[in-house]
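Hello,

Here is the structure I promised to pass on to you. Have a look at it first, and then read on for what turned up in it.

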Amino acid sequence: MLKIGLTGGIGSGKTTVANIFEVLGIPVYNADERAKELMHTNELMKQQLIFYFGEETYADGHLNRKHLSSIVFADKEKLELLNSLVHPVTIADAAQWFSRQTSPYVIKEAALLFESGTAEGLDYVIGVTAPVTLRLKRVMDRDHVTSEEVKKRMLNQIDEQIKIRLCDFVIQNNEQQLILPQVLQLHEKLILLSEKNLPEKNL
Ligand code: ATP
């Protein structure tokens, strides 16, 4: 079974692309969503978050995202600390999830795939890319936030063009090229790769 990463900058369309793979029957592990779940369910991580970020990190047993965001998006070191607490737990959780799958290939979707060091355990990585103006607009519309807030989040990710150069396959989500045919073509390629276990260049 091949393990495929799916990444891209904020608002590039990772989840939109992941949803198409799911419709094709490919299991998807959404690392960002799962990390949020684990912040509620993993007792050790909860204790660590309270220790480093204060009692207000949880309100009535629920993660107080506003409190956490106000700390980490204003201080790079605090963000690194948060990531250092969350990433190992998510990586271990993903490994368990991988071991339960039986599909020819599976996808792990994560915004910080390279930044977190997760990409190393994967066979191939797909990058989703879109012009920065489009990404800004999409996130502002989706999350009802200002462009400054989106730009602040973008600063915590490596530049999308650098990210894309590290990927084995690229999906253009610039609203000029349809994404469905690109995903279908990639799906066929990945099925072939999983059957023959060939490196990409041999296809
Ligand atoms: P994040 O990094 O914030 O999780 P993402 O990369 O997963 O974002 P999506 O959530 O898939 O991005 O897309 C961002 C928004 O843009 C969503 O509201 C989505 O519906 C919209 N969107 C993505 N691709 C397209 C497209 N090709 N046409 C129209 N809307 C799109």
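Predicted model: local features only at pLDDT ≥ 70, side-chain atom pairs only at ≥ 80, totals over all residues.

Where does N174 lie? You will find N174 in the loop between β7 and α9. Is N174 buried or exposed? Its relative accessible area is 18%, and the cut-off for buried is under 20%, so N174 counts as buried. Leaving aside neighbours within four places in sequence, N174 is in contact with T129, P131 and L134.

Which residues of α9 are buried? They are I179, Q182, V183, L186, H187, L190 and L193. Viewed down the axis of α9, these buried residues fall within an arc of 135°, so they line one face of the helix. On the other side of α9 you will see Q185, E188, E195 and K196, which are exposed. As for what the buried face meets, the buried residues of α9 pack against β1 (2-8), α1 (14-23), β5 (105-109), β6 (124-129) and β7 (169-172).

Helix α1 can be read in a similar way. Its buried residues are K14, V17, A18, I20 and F21. Around the axis they cover an arc of only 155°, which puts them on the same side of α1. The buried residues of α1 pack against α9, and also against the strands β1, β2 (28-30), β5, β6 and β7. After α1 comes G25, with a positive phi near 95°.

Now for the ligand. Which residues are around the ligand? They are G9, I10, G11, S12, G13, K14, T15, T16, R138, R142, N173 and E175. K14, then, is both one of the buried residues of α1 and one of the residues around the ligand. A polar atom in the side chain of K14 lies 2.6 Å from a ligand oxygen atom. For T16, a side-chain N or O atom is 2.6 Å from an oxygen atom of the ligand. S12 takes part through its backbone, with an N or O atom 3.3 Å from a ligand oxygen. On its own the ligand has 630 Å² of accessible area, and the protein covers 70% of that.

Two other places are worth a look. S103 lies in the loop between α5 (76-100) and β5, and at 12% relative accessibility S103 counts as buried. The S103 side chain reaches the backbone oxygen of Y105 at 3.0 Å. Not counting residues up to four places away in sequence, S103 touches M1, G25, I26 and P27; G25 is the residue that follows α1.

The other place is I50, which is found in helix α3 (residues 43-53). Leaving aside neighbours within four places in sequence, I50 is in contact with E55, T57 and Y58. I50 and N30 are 20 residues apart along the chain, and their C-alpha atoms are separated by 24 Å.

Enjoy exploring it!

Best wishes

Methods
Residues numbered from 1 in each chain as written. Heavy atoms only, no water. Buried < 20%, exposed > 50% of the residue type's maximum accessible area, 1.4 Å probe, protein only. Helix = DSSP H or I, 4+ residues; strand = E, 2+ residues; numbered from the N terminus. Arc of directions from axis to C-beta. Contact = heavy atoms within 4.5 Å. Near = heavy atom within 4 Å. Polar contact = N/O pair within 3.5 Å; in protein donor to acceptor, adjacent residues only side chain to side chain. Areas by Shrake-Rupley, 256 points an atom, 1.4 Å probe, with all protein chains shown as cover.
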